[in-house]
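I opened the model today and kept short notes on what I looked up. The entries follow in the order I made them.

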Amino acid sequence: MRCPKCTSIEDKVIDSRIARDGNSIRRRRECLECGHRFTTNEEFVRDTLVVVKRDGRQEPFLREKLIGAIRAACHKRPIDNEQITMLVEDVIDAVEARYDSQVPTQAIGEHVMQRLRKMDQVAYVRFASVYKEFRDVSEFVHEISSLAPGASGVTPKPKK
């Protein structure tokens, strides 16, 4: 690793820690030339995934695109960035375990919906409405009714 201060490639690792997600390592290093200390993050390189769209088109899997879609569904919901990152990692792990390099977009969407449904039902309905291409309100109503009783966020009025 090249020192950011003197550009020497001679350094030693002082400390290594596994990051919270378990998929990367944070290393504290010291340059043997100038003594400058710096931090590096190392993560494994995944094989390139290709997403097969509904119309048969193929495009490279973009983690950022999936994160953006999930963030949009979770907008103004009590879900933080770390939860979204973990959700995305879980989805990627699941599709990599099942598919080689070509993953149908349906598989990604289904995995996201399964996890969002457990995490936040409003975010789930938002994501499902785009993923399933809802055309009218009746499709929203049907999806909400498939959730647990009271899951719509509306508390039923007590009967007299």
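**Entry 1. Overall layout**

I read the order of elements from the N terminus on: β-β-β-β-β-α-α-β-α-α-α. That gives the chain five helices and six strands. I am working from a predicted model. I also looked up burial across the chain. Of its 160 residues, 31% count as buried.

**Entry 2. The largest pocket**

How much space lies in the largest pocket? I noted about 600 Å³. The lining has 23 residues, and I listed those closest to the pocket centre: Lys53, Lys65, Ala69, Thr105 and Tyr131.

I have 13 nonpolar residues, eight charged and two polar.

**Entry 3. Aromatic pairs**

I searched the whole structure for aromatic pairs and got two. The rings of Phe127 and Tyr131 have centres 6.3 Å apart and planes at 15 degrees, so I logged this pair as stacked. The cut-off for stacked is under 30 degrees between the planes.

Where do Phe127 and Tyr131 sit in the chain? Both are in helix α4, four residues apart, so about one helical turn separates them. Are they buried or exposed? Phe127 is buried, at 11% relative accessible area. Tyr131 is buried too, at 13%.

Phe134 and Phe140 make an aromatic pair that is edge-to-face. I noted 5.0 Å centre to centre and 85 degrees between the planes. Edge-to-face calls for over 60 degrees. Phe134 counts as buried, at 16% relative accessibility. Phe140 counts as partly exposed, at 32%. The cut-off for buried is under 20%, so Phe134 falls inside it.

**Entry 4. Back to Tyr131**

What lies over the face of Tyr131? I found Arg54 there, at 4.9 Å from the ring centre.

- Asp11 lies in strand β1 (residues 11-18). It counts as buried, at 17% relative accessibility. A polar contact of 3.2 Å joins its side chain to that of Arg29.
- Asp55 is in the loop between β4 (50-52) and β5. It is exposed, with a relative accessible area of 55%. Its side chain makes a polar contact of 2.9 Å with the side chain of Arg57.
- Glu143 has its place in helix α5 (residues 137-145). It counts as buried, at 7% relative accessibility. Its side chain makes a polar contact of 3.1 Å with the side chain of Lys132.

Setting these side by side, I have Asp11 buried, Asp55 exposed and Glu143 buried.

**Entry 5. Positive phi**

Most residues other than glycine have a negative phi.

Thr7 is not a glycine, yet its phi is positive, about 65 degrees. I found Thr7 in the segment before β1. It counts as partly exposed, at 46% relative accessibility.

Lys76 is not a glycine either, and its phi is also positive, about 60 degrees. Where is Lys76 found? I placed it in the loop between α1 and α2 (81-98). Lys76 is exposed, with a relative accessible area of 75%. Exposed means over 50%, so Lys76 goes under that heading.

**Entry 6. To keep at hand**

For the backbone, I keep the positive phi of Thr7 and that of Lys76.

Conventions: Residues are numbered from 1 along each chain as its sequence is written. This is a predicted model: local features need pLDDT of at least 70, side-chain atom pairs count only at pLDDT 80 or more; totals for chains, interfaces and linings use all residues. Side-chain values use heavy atoms; hydrogens and water are left out. On a 1 Å grid over the protein atoms alone, a cavity is a set of points where a 1.4 Å probe fits but cannot get out, and a pocket is an open set with protein on both sides within 12 Å along at least five of seven lines; lining residues have an atom within 4 Å of a point. Grid points are joined across faces, edges and corners, and a volume is the space filled by probe spheres set on the points. Ala, Val, Leu, Ile, Met, Phe, Trp, Tyr, Cys and Pro count as nonpolar, Asp, Glu, Lys and Arg as charged, and the others, Gly among them, as polar. Rings of Phe, Tyr and Trp (its six-membered ring) pair if their centres lie within 6.5 Å; planes under 30 degrees apart count as stacked, over 60 as edge-to-face and the rest as tilted. Helices (H or I, at least four residues) and strands (E, at least two) are DSSP runs, numbered from the N terminus. Buried means under 20% relative accessible area, exposed over 50%, partly exposed in between (1.4 Å probe, protein chains only). A charge sits over a ring if NZ of Lys or CZ of Arg is within 6 Å of the ring centre and within 35 degrees of the ring normal. A polar contact is a pair of N or O atoms within 3.5 Å; within protein, one must be able to donate a hydrogen and the other to accept it, and residues adjacent in sequence count only if both atoms are side-chain atoms.
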